[in-house]
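Here's a quick tour of a protein model for you. Take a look at the structure first, then read on.

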Amino acid sequence: MIDRFKLHIASKFQNFKEQKLLLAFSGGLDSRVLLDLLCQLEIDFSVAHCNFDLRADASEADALFCARIAKQHQLPFFIKKFDTKSFAEEQKVSTQMAARELRYTWFDELKEQGGFTHLLTAHHLDDQLETFMINMGRGTGLKGLRGINTDKILRPLLIFSKNEIEQYANEQSIEWHEDASNAQDDYLRNHLRHHAILQWKAAQENLLQQVTQTFDHLSLA
């Protein structure tokens, strides 16, 4: 995976090592693997962690874990704690939407204050498929069907599946924190992931490879 990642960076992200990069770091599997890959390539970057204070002690444990990993790799570390539930009530939006707005508003502030050129997130190929299905269900246009927008945010893991990321983490003995809410079906994305997409993968063995070709075609439209 490290070799594919290195080639992907060289071909798709020109002058990557010359940019001032900020990694959105939850401490979960995906962002933990992206952090490791960036360190393997000796790329300079900083780390930002959002504590949404939605899971009591588990949220605090995630924050401490992220701080420890950043310190272990000698990476500049930013953290902010949010009163997400109060914000959601004030704005009359779902907790999920509130967390998204708080997260990206803070990231934009950090970019402006710290002179960061790009935000990095750890979205992968399975995320891309889920976003495609969600947008299709909303009656979106061609832009939405292209999946995850990559205009303002760099997502270097989009060529990798969740299984590939997890396999790499296990092979490299990488430690991460699992968010228990990912196992619940409260959100549409989780429901699609645990049911519709799981059954689709079982019915079509090469689904993700075909999906990759579809996104390539859509990007040219």
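Ser 173 sits in the loop between H8 and helix H9 (188–203); helices are DSSP runs of type H or I with at least four residues, strands are E runs of at least two, and both are numbered from the N terminus. Keep in mind that this is a predicted model, where local features need pLDDT of at least 70, side-chain atom pairs count only at pLDDT 80 or more, and totals for chains, interfaces and linings use all residues. Residues are numbered from 1 along each chain as its sequence is written, and side-chain values use heavy atoms, leaving out hydrogens and water.

*Positive phi*
- Most residues other than glycine have a negative phi.
- Ser 173 isn't a glycine, yet its phi is positive, near 55°.
- Gln 74, in the loop between H3 and strand S3 (77–81), also isn't a glycine and has a positive phi of about 55°.
- Ser 173 counts as exposed at 67% relative accessibility, and Gln 74 does so at 73% (exposed means over 50% relative accessible area, buried under 20%, partly exposed in between, with a 1.4 Å probe and protein chains only).

*Glu 90*
- Glu 90 belongs to helix H4 (residues 84–91).
- Glu 90 is exposed, with a relative accessible area of 57%.
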